[in-house]
Amino acid sequence: MTASVPKQFVRFAVIGLFGTVLYVAVVTGLVEWAAAPPVLANAVAFCLNTTFSFSMNTWLNFSVPFTTRNWLRFCAVSLLGVAITAAVAAVAEGFGLHYGYGIAMVAVAVPPLTFLLHRNWTYR
């Protein structure tokens, strides 16, 4: 981990944006062209995005070896991110806020948190 934290975070964000595009493409393709149920399509897309994100961050961003330990920790942080996302959305909904506020809160809170967890735990 020789890069500075800001540079690593920018790379993390770019990888995340590409992962989001992958996620949307997989869900859309499975639902629209393969007639898959949306829940299944989202689950498949989540798994593919997690694998893509792990691979790119391990190789390009944190430059560490691929290990089972890193993979399991990466998945744990990803699942924590999903849980926080759901909790923030539920809180926003509970306060009667437009769902867009929940999206904004997630976008501000979850990427920095998951980046710090990956930097200080996943890849240590």
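The model is predicted: local features need pLDDT of at least 70, side-chain atom pairs count only at pLDDT 80 or more, and totals for chains, interfaces and linings use all residues. Residues are numbered from 1 along each chain as its sequence is written, and side-chain values use heavy atoms, with hydrogens and water left out.

**Overall fold**

The chain has four helices and zero strands, where helices (H or I, at least four residues) and strands (E, at least two) are DSSP runs numbered from the N terminus. Read from the N terminus, the order of elements is α-α-α-α. The C-alpha trace spans about 40 × 35 × 20 Å along its principal axes. The chain holds 124 residues, of which 31% count as buried; buried means under 20% relative accessible area, exposed over 50%, and partly exposed in between, with a 1.4 Å probe and protein chains only.

**Helix packing**

Two packed helices are described by the angle between their axes and the distance between the axes. Here, axes are lines fitted to C-alpha atoms, for helices over the stretch in contact, and angles run from 0 to 180 degrees between N-to-C directions.

The axes of α1 and α2 cross at roughly 155° and come within 8 Å. This makes α1 roughly antiparallel to α2, a label given to angles over 145 degrees, while those under 35 count as roughly parallel, 65 to 115 as roughly perpendicular and the rest as oblique. The crossing of α1 past α2 is right-handed; a crossing has this hand if the near helix is turned clockwise from the far one by less than a right angle, and is left-handed if anticlockwise.

For α3 and α4, the packing angle is about 160° and the axes are 10 Å apart. These two helices are therefore roughly antiparallel to each other, and their crossing is right-handed.

L22 belongs to helix α1 and is partly exposed, with a relative accessibility of 28%. L17 also has its place in helix α1, but counts as exposed at 59% relative accessible area. In helix α2 lies A43, which is partly exposed at 41% relative accessibility. The table lists C-alpha separations for pairs that include these residues.

| Pair | Separation in sequence | C-alpha to C-alpha distance |
|---|---|---|
| L22 and A45 | 23 residues | 7.6 Å |
| L17 and S53 | 36 residues | 9.9 Å |
| A43 and H118 | 75 residues | 22 Å |

**Loop residues with positive phi**

Most residues other than glycine have a negative phi, and most peptide bonds are trans. A35 has a positive phi, near 55°, although this residue is not glycine. The residue sits in the loop between α1 (5-33) and α2 (38-61), and A35 is exposed at 67% relative accessibility. S63, likewise a residue other than glycine, has a positive phi near 50°. The loop between α2 and α3 holds S63, which is exposed with a relative accessible area of 54%.

**A nonpolar surface patch**

A nonpolar patch on the surface is formed by V91, F95, L97, Y101 and M105, which together have about 540 Å² of accessible area. Accessible areas come from the Shrake-Rupley method with a 1.4 Å probe, and for residues only the protein chains shown count as cover. Patches are made of residues with over 30% relative accessible area and no salt bridge; like charges are joined within 9 Å, and nonpolar side chains (Val, Leu, Ile, Met, Phe, Trp, Tyr) within 5 Å. A salt bridge is a side-chain nitrogen of Lys or Arg within 4 Å of a carboxyl oxygen of Asp or Glu.

F95 is exposed, its relative accessible area being 67%.
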